[in-house]
Every structure is written in C-alpha cells, then in structure tokens.
Amino acid sequence: MNGPESLRQASQNTADNTASQVATGLAKLALVFRHEAWQATGEHGLTPTQAQILAVVAGAASPIGLSGVAEQLAITAGTASAAVSTLVEKRLVAKKRSKEDARAIQLTLTAKGKRIAASAAEWPETVLAAAACLPDREQAGLVRGLMALIRELQERGSVPTARMCVGCRYFRPNEYPGEAKSHHCAYIDAPIGDSDLRVDCAEMEPASADLAPRLWTLLIDGKRPEPSGSRDAAVSSGA
Ligand code: SF4
C-alpha cells in the first residue's frame, strides 16, 4: 500500500518507522560506499574484498592470519582464502610461518601491497566531504549513534570485532564533566570529545569482561567509571 494511508499507518508506530528509516538511510550510504569502492579498487585491478583484506592486514595491531582476516571482515574462510591467494599471485601479500607456531601462517604486505593498502584505507572523498559539512554537534551525535548501532550488532553476533572506545581499556568516559572534551583516552593521555570517539582505533585494547559493558552504560548515563578522583580506575580494572 502506498500513498497517504501507508504514511499515516507507518507514523502510528514511531519506533518501528524510525528504525526502518535508519536502516533505509544506512542502505543508501552503503550503495555510495560500494560504488566508490569499486571505482577506487578497480584502478588497481582489485575487488573491494581484496582491497579490504589489504587494509585489514595493514591495520592489524599484531600479526594476522587467514582466520583473523575472515573474522574481521565477516566473510567465510573460503572467501578469505581465495582472495588472499589472488593477492599473493599479484605479489601484494606474502605468507610466512609464525615464529611461535610453525603450523600458523601469517600474512604480511609487500612494498607494493603497503602502497595500495594506504590508498584502500582512505575513505571516499565524497563521503568525507559530506560528513565534514555537518555541524560539530551533528558529527558527534552521528559518531555516538554509529557506536551504539555497531555495539548492538556486535552483541547480536553480526559484527565480529569492533575496535571502539566503548570497549577499550584506555577509555574513561565523562572524566571531565561539562567540558567540550569530556572523556579521557589514557593511551594518548589526553581529553577527547564525542566527536573524537573512535569506531575503529588501531590502538584499542579490549577492556576486561567486567569493565567493557559498564563503559557503554557509563558513557550514555554521563557517569565516570569509578569513585571520583581515581583517573586510573578504568585502566586498572580493565587491565
Ligand atoms: S586507544 Fe583508541 S579506542 Fe582506546 S580510548 Fe584511546 S582513542 Fe579510544
């Protein structure tokens, strides 16, 4: 059913309607990303998956193997294996045996692979320019909203790994109440604001199972992790 009646019915259930509008908006953005990704990676003769693998290997905080790549990109081991084989043939990725476990294969980038990974990791200019046009408050709100959505998807098992502030042992939400930069990142030992929150930070280290769920609640409740004055509380309990 289309027209005013369907719009009226949809507006009667605001929660469902808003959720579907969010999903529709994200789907439109995904189309833009897919289009831009094919254009950018096509210049190098790569598929978007192959380019994403280069970016994942380049951004890995520790040596990564096939299963790690598959997990981060939420693709099957077979898909990851086929894409990596192609990247090895193109001399963009090399395989080597782990020093700790001779049965484990680790992936590294060749010099050419590193160059392409750097450009693959760049976000499409059109999307960046559009995001940069938003007022600071809207950008910060968007970051928090995206964090909430990614976290929810992660809890439902749809997002494999998320290197976000709200799961990081270095994150201290609401450390400076009332300030523009109200949180603290112990990794850089500096205040950070909502617009500085990261949804994919290479320096992120997971907080303990006890602290991780509390960080999110504390962030949205505007509270600090531990009794006031204890700046090391989050880190000490998350270590
Ligand atoms: S290290 Fe990265 S993820 Fe952790 S609090 Fe700092 S900015 Fe956030």
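Of the 239 residues in this chain, 24% are buried. What you're looking at is a predicted model, and its secondary structure comes to 10 helices and five strands. Among contacts with a separation of 6 or more, 55% join residues 24 or more positions apart. As for confidence, the mean pLDDT of the chain is 82, with 87% of residues reaching 70 or more. The stretch to treat separately is 228-239, where the pLDDT is below 50. Leaving aside near neighbours in sequence, residues 228-239 have 20 contacts in the model.

A handy place to start is helix 3, residues 48-59. Take helix 6 (residues 111-120) to begin with: its axis and that of helix 3 come within 8 Å and cross at roughly 105°. Angles of 65 to 115 degrees count as roughly perpendicular, so that's the label for helix 3 and helix 6. From helix 3, the contact takes in Ala 51, Leu 54, Ala 55 and Ala 58. Across from them, helix 6 supplies Gly 113, Lys 114, Ile 116, Ala 117 and Ala 120. Sorted by class, that contact has seven nonpolar residues, one polar and one charged. An α-helix has 3.6 residues a turn, so residues three or four places apart point the same way. Keep that in mind when you trace the helix 3 side of the contact, with Ala 51, Leu 54, Ala 55 and Ala 58.

On to a glycine in helix 4 (residues 66-73), namely Gly 68. Gly 68 has 19 C-beta neighbours inside 10 Å, so it counts as partly exposed. Gly 68 and Gln 106 sit 38 residues apart in sequence, yet their C-alpha atoms are 9.6 Å apart in space.

A couple of loops deserve a look for their backbone angles. Most residues other than glycine have a negative phi. Arg 91, though, has a positive phi near 60°. You'll find Arg 91 in the loop between helix 5 and strand 1 (93-97), and it is exposed, with 11 other C-beta atoms within 10 Å. Asn 174 also has a positive phi, near 55°. Its loop runs between strand 3 (171-172) and strand 4 (183-185). With 18 other C-beta atoms within 10 Å, Asn 174 is partly exposed.

So which residues are around the ligand? The list includes four cysteines, Cys 165, Cys 168, Cys 185 and Cys 201. With them come Tyr 170, Phe 171, Tyr 187, Arg 198, Glu 203 and Met 204. By class, this shell has eight nonpolar residues, no polar ones and two charged.

Last stop, helix 9 (residues 211-221), where Leu 211, Arg 214, Leu 215, Trp 216, Leu 218 and Leu 219 are buried. Just after helix 9 comes Gly 222, with a positive phi of about 70°.

Note on methods
Residues are numbered from 1 along each chain as its sequence is written. This is a predicted model: local features need pLDDT of at least 70, side-chain atom pairs count only at pLDDT 80 or more; totals for chains, interfaces and linings use all residues. Axes are lines fitted to C-alpha atoms, for helices over the stretch in contact, and angles run from 0 to 180 degrees between N-to-C directions. Helices (H or I, at least four residues) and strands (E, at least two) are DSSP runs, numbered from the N terminus. Angles under 35 degrees count as roughly parallel, over 145 as roughly antiparallel, 65 to 115 as roughly perpendicular and the rest as oblique. Two residues are in contact if their C-beta atoms, placed from the backbone, lie within 7 Å. Ala, Val, Leu, Ile, Met, Phe, Trp, Tyr, Cys and Pro count as nonpolar, Asp, Glu, Lys and Arg as charged, and the others, Gly among them, as polar. A residue is near a molecule or strand if its C-beta atom, placed from the backbone, lies within 6 Å of it. pLDDT is the predictor's confidence in each residue, from 0 to 100. A residue is buried if 20 or more other C-beta atoms lie within 10 Å of its own, exposed if 12 or fewer, and partly exposed in between; C-beta atoms are placed from the backbone.
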